[in-house]
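The structure is shown first.

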Amino acid sequence: MLLTLTSTAAHASDLGYLLHKHPERVQRFELSVGVAHVFYPEATDERCTVALLLEVDPIGLVRGRRFGGDALSLAQYVNDRPYAASSMLSVALGRVFGSALKGRCDARPELVGVPLPLEVHVPALPSRGGADVVAGLFEPLGWTVDAQVRPLDPELPAWGDSRYADVTLRGTLPLDQALSHLYVLLPVLDGAKHYWVSSDEVDKLIRTGGSWLAQHPRRDSIVTRYLAHKRGFVADALARLTELDDSAPEEVAEEFDPPAAVSLATLRRTAVVEQLRTAGAHRVVDLGCGEGALLRELLADLSFTEIVGADVAPRVLEKAADRLRLDRMGDRQRARITLLQSSVTYRDDRLAGFDAVVLMEVVEHVDPDRLPDLERTVFGHARPRAVVVTTPNSEYNVLFPGMDAGALRHQDHRFEWTRAEFADWASRVAAVHGYTVAFAPVGEADPDAGPPTQLAVFTRTEAPA
């Protein structure tokens, strides 16, 4: 089975960095389902194409295994597995392009998250229901779909169409997002998972597709088919996706809130706004603003004269605009707020020179090896007069009912700091970049475990040390 992916971006051969595969090498990967080959039919600065070819031996897959019923069924040996894109191709994508799927590019980190003009071609994609089914899955994600259903036999048109389509997808998306669409939807179109489906598959689905699947108009059907119609797993996945879709971002980031008359999310927003007022900030950037819950609080206070909400995800910014009702906002109010696509780990001149930058429940979503980039971006380049940071206190986690020891509060957290770890990080950053730092609790503090959320306020002093 074959899949090709083409970039026509400027310096298109940079695709090799994103995929961690050199264009001048042919690579081979042994997988449980067969052998995967990666090679580049073309690699120029104008156009770069990578091909993933998966060789599947249908006889090898059944050799030595025991089957119920008719163990000599011909279908076990004669089938479409060698050529039709399926969950086995999804396995190969995850194995061969795993770092790209996770959005990692150590050699050229500035390439990550950048939308690229992409074309994906799958010559034989199972599609019961025809081209409309393929379009219904990919078009809501920003792809233009060209799906040509293949006849069973071109020489015998009376036999009708096959259940396979020659599919080309075109769109401008970050590579990791494009790969996540393929990783989830290839098994969905195939209608069969060629390996055991367990509870781990629910976590994998949420981790890989949660950022877009929660809002997909065919979400329920995708989840059901991906999880092989196993009702318990489907119900679990749908419940988690509903939470992602319906909750404000910081409420999603805190799956475990302590029982209180006022939610921890509300306490956190209130604490941040109070710190901004105390700092005398009027021009504020909410970096990693999500769907705009803090922005709404800032808009309600006229002392904040210029408000910028920045997030790396365009779809999240669109949702923030909808929730803030920017299209129905009066001219004077609308002039106070701007939404920008930006990243916490890349310098952005548009974010420099403000009174304050807020990182509310953001740092724990950054890979530890990317934290120095965040520090340079916010404290070194943007360099506001004040920075307000909130993050979970991992010591408090033992007080949440049903939370396993060592677990993180949310699936997208890369780490969670103790109070001492947070203090060490904050003090080092302040010393390096010319700030002082003060700490405050958010939420009712436990005598031993401390508060559920910890807050730090950085105030700029002189030039960095």
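This is a predicted model: local features need pLDDT of at least 70, side-chain atom pairs count only at pLDDT 80 or more; totals for chains, interfaces and linings use all residues.

**Helix pairs**

The table lists the packing geometry of each pair.

| Helix pair | Angle | Axis distance |
|---|---|---|
| α5 (residues 131-138) and α6 (residues 175-190) | roughly 150° | within 11 Å |
| α6 and α7 (residues 199-213) | about 125° | 9 Å |
| α15 (residues 371-382) and α16 (residues 419-433) | about 50° | 10 Å |

Helix α5 and helix α6 cross at roughly 150°. Angles over 145 degrees count as roughly antiparallel, so α5 is roughly antiparallel to α6. The crossing of these two helices is right-handed. On the α5 side, the residues that meet α6 are V133, V134, L137 and F138. Their partners in α6 are H181, L182, L185, V188 and L189. Sorted by class, this contact has eight nonpolar residues and one polar residue, with no charged residues.

Helix α6 also packs against helix α7, at an angle of about 125°. That angle makes α6 oblique to α7. The crossing of α6 and α7 is left-handed. From α6, the contact takes in S180, H181, Y183, V184 and L185. From α7, K204, L205, T208, G209 and W212 take part. By class, five of the residues in the contact of α6 with α7 are nonpolar, four are polar and one is charged.

The remaining pair described here is α15 and α16, which pack at about 50° with their axes 10 Å apart. Because of this angle, α15 is oblique to α16. Their crossing is right-handed. Helix α15 contributes L374, E375, R376, F379 and G380 to the contact, while α16 contributes W425, R428, V429 and H433. Here the class count is four nonpolar, two polar and three charged residues.

**Cavities**

How many cavities of 30 Å³ or more does the structure hold? There are three cavities of that volume. The largest cavity has about 70 Å³ of space.

Which residues line the largest cavity? The lining is made up of L18, A100, G103, R104, L111, V112, G113, V114, L116, L175 and D176. Seven of these lining residues are nonpolar, two are polar and two are charged. One of the lining residues, L175, falls within the span of α6, residues 175-190, and D176 also lies in that span.

Notes. Residues are numbered from 1 along each chain as its sequence is written. Side-chain values use heavy atoms; hydrogens and water are left out. Axes are lines fitted to C-alpha atoms, for helices over the stretch in contact, and angles run from 0 to 180 degrees between N-to-C directions. Helices (H or I, at least four residues) and strands (E, at least two) are DSSP runs, numbered from the N terminus. Angles under 35 degrees count as roughly parallel, over 145 as roughly antiparallel, 65 to 115 as roughly perpendicular and the rest as oblique. A crossing is left-handed if the near helix is turned anticlockwise from the far one by less than a right angle, and right-handed if clockwise. Contact means heavy atoms within 4.5 Å. Ala, Val, Leu, Ile, Met, Phe, Trp, Tyr, Cys and Pro count as nonpolar, Asp, Glu, Lys and Arg as charged, and the others, Gly among them, as polar. On a 1 Å grid over the protein atoms alone, a cavity is a set of points where a 1.4 Å probe fits but cannot get out, and a pocket is an open set with protein on both sides within 12 Å along at least five of seven lines; lining residues have an atom within 4 Å of a point. Grid points are joined across faces, edges and corners, and a volume is the space filled by probe spheres set on the points.
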